[in-house]
Amino acid sequence: MKRFEAHASQGSVRYGDEVIRYLLRRQPGRKSSRIAIHVDPDGRVLVDASESASDVQVGAAVRARARWIHGHVTSIRLRVAHVLPREYVSGESLLYLGRRYRLKVTTTIGGAKGVRFRGGYVEVVVQKRNPSVVQAALTDWYRARAKAVLSAQLEKLSASLRWVGSPPPVRFQTMKVQWGSCSPAGRLTLNPHLIKAPRECIDYVLLHELCHLKEHNHGKKFYRLLDMHMPRWQKTKTRLDDLAEDLLNI
Ligand SMILES: [Zn+2]
């Protein structure tokens, strides 16, 4: 990659009232005459072209896809603006089973500490108003709620699936890129952050992992099984993917 970046130059094209700026990477070894355009996760527009492509050709290729690029970059900007780092103070919003609750931090000297629902609030009672103490209390609470709610739902779903004899053993582990997994021995791992997702998304993840008890890979038979028990799983998966960034922002 570095080698190619050395040949990079800046370019721009107009799109309505906007200017799309891009980084053009000349790739000496590139065989294809196709000009490839990507938008990276930070919203940078990268254009890969062979040495032989002219600047006019590159500009035309970017202009031809300007609408797509603009839409993509805009949605990344919105997402970045939306997912702010948490501060763990009263008034912040929290997700639980797909609903938003307000966080209320209160202090106590000798009283009971912990986290509880109170009206439309999630109240965290701590000894000292300290963000890392509030964060730790919430992490413990989410994990406990995940264990209780997800285990109960797993039991319920297991009972409705013929190939599942009894609910499989499950452990809870925070993961960056996965909601769940199933070991070859049939042991499930679930991400406790899943407790923040709507129930239909939770069911989708649980069902996906339970299907792996019968079909270990993602072959045709696996998807046939999933389709049979959740015909609209793709829609639910998209919903979960769209929420991922919010759900993983502890
Ligand atoms: Zn899978």
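First, the ground rules. This is a predicted model, so local features need pLDDT of at least 70 and side-chain atom pairs count only at pLDDT 80 or more, while totals for chains, interfaces and linings use all residues. Residues are numbered from 1 along each chain as its sequence is written, and side-chain values use heavy atoms, with hydrogens and water left out.

The chain is split into domain 1, residues 2–82, and domain 2, residues 93–247; these bounds come from an automatic or database domain assignment. Taken over C-alpha atoms, the centres of the two domains are 38 Å apart.

Now the cores. By nonpolar core I mean a set of buried Ala, Val, Leu, Ile, Met, Phe, Trp, Tyr and Cys residues joined through side-chain atoms within 4.5 Å. Buried is under 20% relative accessible area, exposed is over 50%, and partly exposed is in between, using a 1.4 Å probe and protein chains only. The largest core has 47 residues, and among those with the most contacts inside it are Y96, V134, L138 and L240. Elements supplying at least two residues each include β6 (99–107), α4 (131–160) and α7 (233–247). Helices (H or I, at least four residues) and strands (E, at least two) are DSSP runs, numbered from the N terminus. Helix α4 gives the most to this core, nine residues.

Take L138 as an example. Setting aside residues up to four places away in sequence, L138 touches Y88, L94, L103, V115, V122 and V124; contact here is heavy atoms within 4.5 Å. There is also a second, separate core of 18 residues, including V13, V39, V62 and V73.

Beyond four places in sequence, E18 contacts V13 and H70. E18 and H70 are 52 residues apart along the chain, yet their C-alpha atoms are separated by 8.6 Å. Is E18 buried, exposed or partly exposed? E18 counts as partly exposed because its relative accessibility is 36%.

Last, the zinc ion. Its protein donors are H208, H212 and H218, each through NE2, at 2.0 to 2.1 Å. Donors are N, O and S atoms within 2.8 Å of the metal (3.2 Å for Na, K and Ca); water is not among the atoms, so sites may look incomplete. The donor spacing is H-x3-H-x5-H. H208 is in helix α5, and H218 is 10 residues away in the loop between α5 and α6. H208 is buried, at 12% relative accessibility, whereas H218 is partly exposed, at 47%.
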